[in-house]
Amino acid sequence: SDPSTMSQEEAVLGALQAGDTATAQTLLRAAKRRHGRAAESVVKLRGLLKEARGEAADAQDHYAEMLEANPNNTVAMKRQITMCYAAGDTAAAIKLLNAYLQMFMSDSEAWLQLAHMYLGLQMYKQAIFSYEEVLLSMPHSHALWSKCAEILYTQGIDFVAARKYFCKSAELTDYQDLRSLFGICLCCTRKRDAHSAALYPMAVQKIRAVYARAAAGSTKHRQSRVPFAVYIDRQQLLLANWSERQKKLLG
């Protein structure tokens, strides 16, 4: 790309982000004179200027024209999706985003956004599918494994699958992530079998080790947003005698 084009585009975007549509329009006119009205960057910025002015209908028509000229224009497609979502029409945004992903299936950010939209509508099955699509390209992201596990646990249908996802998340962090470890404990209390009987004490031991390092001043552990005592009080995971709990799990 021409450096001058990039600098002008950045200047217009900066003005739009600051809410200064007058300056943005002046800069856009200069870009038109220099690069022509049909330049790709100029066409895109015209749509963004319409959005900033609150001209939603005109902006949508502008993006539709861009897509008519080039059906593979990712900028126009993403702006349409963003506008629908910002307007509160999540269903329309999901429809457009699914159409986009039919063409650009490797866009991990788009899959993450789709998952977020599905979660907002409590469409958990679809959200998990979207997150799993991201996992194909980011298999070492413990946060994604943990997110899938949390959704499965929230569904309350398959605690075994949720437990597996939490275990994978914990494994990827060398059992330092408290969120995953507590998730394992919660799943074990929901699904009482031999696997839970073995996993529960392991998770408890790892949790104690993390907090022991924290108490000793270690900087290598992952901080939990919820105080340890609150977890203990709410879930009663660590106050109960393990041998008694193990009997219940196996019984």
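This report covers the overall make-up of a predicted model and then its helix H4.

## Basis

The model is predicted: local features need pLDDT of at least 70, side-chain atom pairs count only at pLDDT 80 or more, and totals for chains, interfaces and linings use all residues. Residues are numbered from 1 along each chain as its sequence is written, and side-chain values use heavy atoms, with hydrogens and water left out.

## The chain

The protein chain has 14 helices and zero strands. Helices (H or I, at least four residues) and strands (E, at least two) are DSSP runs, numbered from the N terminus.

The chain has 251 residues, and 39% of them count as buried. Buried means under 20% relative accessible area, exposed over 50%, partly exposed in between (1.4 Å probe, protein chains only). Take contacts (heavy atoms within 4.5 Å) between residues at least 6 apart in sequence: 47% join residues at least 24 apart.

## Helix H4

H4 runs over residues 56-69.

Ala59, His62, Tyr63, Met66 and Leu67 are the buried residues of H4. They lie on the same side of H4, because their arc around the axis is only 140° (from the directions from the helix axis to the C-beta atoms). An α-helix has 3.6 residues a turn, so residues three or four places apart point the same way.

Helix H3 (40-52) and helix H5 (74-86) are among what covers these buried residues. The face turned away from the buried side carries exposed Ala57, Glu65 and Glu68.

Technical notes. The expected span of a helix is 1.5 Å times one less than its number of residues.
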